[in-house]
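Reader: Could you walk me through how to read a few side-chain features in a model like this one? I'd like to begin with the aromatic rings.

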Amino acid sequence: MSTILPDRRALRDACTAFARDAAREILRIYAGDLGERVKADRSPVTDADHAAEAVIVAGLRQLTPGLVVVAEEEMAAGHVPKLDGRPFWLVDPLDGTKEFIKKNGEFTVNIALVEAGKPTLGIVLAPVPDTLWRGDAELGADKSEKGGAFHAIAVRTPPASGLVACASRSHAIYSDLDVWFRNNDLTVAERIQAGSSLKFCLIAEGRADIYPRFGPTNEWDTAAGQGVLEAAGGEVVTTDDRPLAYGKPGFGNPHFIARSKAAR
C-alpha cells in the first residue's frame, strides 16, 4: 500500500515545529511539579511525557493522516498499533525521563519517520539548552541553537590519538565497554557521559566518534538519533554489523553500535 508523503522539507519543518511545541509543554512542567509516577514496567513517567506526546501525536496525525504513529506513552498504556508496511512515525516525547526528574537538563524530544525499516527523518530537541538537531536522508543534517539559524553538521574522522566514546549516564558499564573496545582493537582517548539521544547527536556533529549500547532500548529511543546520525554521514549497526532496522515485533532493539563510519 503506497502513501504519498508531503515534500521532504515540509515534513522536516513541520516536525521541527511539533518538537518545539512539545518542548514548551515540557519546560512549563519542568518549572513546577513534575507529576512523577511509575509505569507498569517500573520505569518513571511524568506529566511532561504525556503533555509532550499529546502535542506531537496530534500534529503528526493531522500532517499524515494515513500513517501509523508509534508513541511511547500510548504503547505503555496498551495501545499497540499494527504496522501495515507503509511508512510510520516513532515518537519518544521525553527521552531521558530519569534525567528530567534529576533536573540535569539531559533529556530530549524525539520524532522519527521510518520508511522501509529505516529512519529517514529524525528530529532531536534538547529543551534546556534549546538545541535542535535534524537529519533527513535527502536533505542532510543540521543544528540550531537557541532558536537561531540552522547550520549543516557532519561526522568527523577520528583523531590519531584515539576515539571519543559516548556512554549512557544511567547505564554506563565500563567493564563491558572496555572488553568490547579491546576485542575490536579500538583505542579510546576520551569518554563522554550523556543522557538520552544526545549521544547520537554528539557523533553527528563531530564531537564524538562512537557509542556502543549493550543494554535494552526500544525503537522510539533510537530512531530519531539514528536519523540525525545517518544523515550526517554516520551509521548505526548491530553487533553483527547489520543496519539497525525498525518495525520489529515488540519494537525492542538488539545491542548496537552508533558511530562515524571512519570509527570502524
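Author: Happy to! Bear in mind that this is a predicted model. A pair of aromatic rings is described by the distance of the centres and the angle of the planes. Here the count comes to five aromatic pairs.

Reader: Which kind of pair do Tyr211 and Phe256 make?

Author: Their ring centres are 5.7 Å apart and the planes stand at 90°, so this pair is edge-to-face. Tyr211 belongs to strand 12 and Phe256 to strand 16, so to speak two distant parts of the chain, 45 residues apart. Both Tyr211 and Phe256 are buried. Elsewhere, Trp180, Phe181 and Phe214 come together as one aromatic cluster.

Reader: How do strand 12 and strand 16 pair?

Author: They run in the antiparallel sense, with four bridges between them. Pro212, for instance, has Ile257 of strand 16 as its bridge partner. Strand 12 spans residues 210-213 and is covered on both faces. Ile210 and Pro212 are buried on one side, while Tyr211 and Arg213 are buried on the other.

Reader: Over which rings do the charged ends of Arg134 and Lys248 sit?

Author: The charged end of Arg134 sits over the ring of Phe150, 3.5 Å from the ring centre. For Lys248, the ring is that of Tyr246, and the distance to its centre is 5.0 Å.

Reader: Tyr246 makes me curious about its surroundings. Which residues is Leu90 in contact with, beyond its neighbours within four places in sequence?

Author: Tyr246 is one of them, and the list also includes Val70, Asn110, Ile111, Ala112, Val114, Glu219, Trp220 and Ala223.

Reader: And how many residues does the largest nonpolar core have?

Author: It has 36 residues, and Leu90 is among those with the most contacts inside it, together with Val70, Phe88 and Trp133. Helix 6, residues 198-204, gives the most to this core, with six residues. Another core lies apart from it and has 32 residues, among them Ala52, Val69, Phe107 and Leu121.

Conventions
Residues are numbered from 1 along each chain as its sequence is written. This is a predicted model: local features need pLDDT of at least 70, side-chain atom pairs count only at pLDDT 80 or more; totals for chains, interfaces and linings use all residues. Side-chain values use heavy atoms; hydrogens and water are left out. A nonpolar core is a set of buried Ala, Val, Leu, Ile, Met, Phe, Trp, Tyr and Cys residues joined through side-chain atoms within 4.5 Å. Buried means under 20% relative accessible area, exposed over 50%, partly exposed in between (1.4 Å probe, protein chains only). Contact means heavy atoms within 4.5 Å. Two strands pair if DSSP finds at least two bridges between them. Rings of Phe, Tyr and Trp (its six-membered ring) pair if their centres lie within 6.5 Å; planes under 30 degrees apart count as stacked, over 60 as edge-to-face and the rest as tilted. A charge sits over a ring if NZ of Lys or CZ of Arg is within 6 Å of the ring centre and within 35 degrees of the ring normal.
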